[in-house]
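Subject: Structure for your review

Dear colleague,

Please find below the structure that I am handing over to you.

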Amino acid sequence: MITLIANPSQIVTVDSKGKNYKRGKELGEIDVLTEHSILVEDDLIKDFIPNQSINYSQLDAIINVKDKVVFPGFVDCHTHTVFAGSRAEEFKMKIAGASYEEIAKAGGGINKTVQAVRKLSFEDLVEISKPRIIYAISQGITTLEIKSGYGLSFDDEIKLLNVINHLNNIFPIDIIPTFLGAHTFPPEYKSDQEKYISLINEKMLPFIANNKLAKFCDAFCEKTAFSAEQIDRIFQTASSLGLKLKLHTDQFNSIGGIDLGLKHKVVSLEHLEVVKNEDILKLGNTDIVCVLLPGVSFFLHYGFAPARDLISKNAIVALSTDYNPGSSHISNINLIMSLAAIEMKMTIEETISAVTINAAKALDVNNSVGSIEIGKKADFAILDTQEYPDIVYNVGKNLNCMTIKNGKIIYKNI
């Protein structure tokens, strides 16, 4: 099956020259093609054809995207999309001045969502999650990470991972499961943290690895969650079982997460709102992706991660929504890009690299998606505009009018 993505106004290739990520100043290099169309064979990008050289007789199908901009399919690399219940009351408390940590210490926060998730069946969780996936697809997202972490018991964490894997099976995009059992301590283990860590290491992780329920193991290194020493032991187990590693760290407090991540060679360090200057220097010399989450800073009204410092020190920077019910009830990736530009002083081009090729690297899928390069999957977001800066200029507006996954249209609004 040979398909032509025909006559776009611009093709934003985010060409990595085969490197498959961008660090430092490279984030600003997105390589825009004009007067070309994209040749797709089956589900892969085969070539770029000058419009005047197209041989239409060789084509099986034509997807006309005249006066549109073609982007790589967007990658939302840090989300908690499968959850239950509402935390609107907590949002009211935040507006009134309560901090995230104060709400957590008072028994709210993550554990409120845990209570709601535990009450629902597998089937119920699938049904409430479906519209969220559909909305992601409508934005041009073709690869989506979803973390567990709202079960915090063996049965409920496995239930969440089964839901995430089922969603991957029933939707045409790639949905990547991450185990986040070390999200916080559930109420029943508050006074016996060692017992919960043993549950993770001796029961949860072996079962998850043996049944291939997750690609990654993640943890939350924070004063109200897990210490670096506790996570170190969890990561040793996860690594020995073949799981790749991610780490929430330096969101509110810097308590050793950066050095822990470096020790374990994690794929990504995520949040980094309060990362120290000396740690920024360390991150510029690694292949670890720094996943920044400006929606959290906006939603909780606190400091944004130092994107400019990280980029100037040659780090690999990605962006994501962190869509969740408590600290970033934002599933709009366009808004995240605009926040990064306005509040974190990233250029428009840098935000594009951060939600495509670098976000793909944060999920270890950058060899196949995240940029429009020959041999990669034919995953595209088609925006109803003729100029690529409009994606950031139109704050919070979804310009995507067509989503193409593996060379096939999976969403259309034109």
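The largest nonpolar core has 121 residues, and F71, L292 and M346 are those with the most contacts inside it. A nonpolar core here is a set of buried Ala, Val, Leu, Ile, Met, Phe, Trp, Tyr and Cys residues joined through side-chain atoms within 4.5 Å; buried means under 20% relative accessible area, exposed over 50%, and partly exposed in between (1.4 Å probe, protein chains only). Helix α12 (residues 333-344) gives this core its largest share, eight residues. Helices (H or I, at least four residues) and strands (E, at least two) are DSSP runs, numbered from the N terminus. A second, separate core has 16 residues, including I5, I382, C401 and I404.

Please note that this is a predicted model, in which local features need pLDDT of at least 70 and side-chain atom pairs count only at pLDDT 80 or more, while totals for chains, interfaces and linings use all residues. Residues are numbered from 1 along each chain as its sequence is written, and side-chain values use heavy atoms, with hydrogens and water left out.

Apart from neighbours within four places in sequence, L292 is in contact (heavy atoms within 4.5 Å) with residues that include H271, L272, A305 and M344.

Turning to the aromatic rings, the count comes to nine pairs. Rings of Phe, Tyr and Trp (its six-membered ring) pair if their centres lie within 6.5 Å; planes under 30 degrees apart count as stacked, over 60 as edge-to-face and the rest as tilted. F185 and Y196 form an edge-to-face pair, at 6.0 Å centre to centre and with 70 degrees between the planes. F185 lies in the loop between β10 (174-182) and α6 (193-210) and Y196 in helix α6, so the pair ties together parts eleven residues apart in sequence. Both F185 and Y196 are buried. One aromatic cluster is formed by F185, Y189, Y196 and F226.

The charged end of R132 sits over the ring of F83, 3.8 Å from its centre; the criterion is NZ of Lys or CZ of Arg within 6 Å of the ring centre and within 35 degrees of the ring normal. K361 lies over the face of Y21, at 4.8 Å from the ring centre.

Finally, four strands form an open sheet of mixed pairing, in the order β5-β4-β1-β6; two strands pair if DSSP finds at least two bridges between them. β5 (44-50) and β6 (61-64) stand at the edges with a single partner strand each, so one side of each is left without a neighbour in the sheet. Strand β4 (residues 36-41) runs antiparallel to β5, and six bridges join them. S37 has I49 in β5 as its bridge partner.
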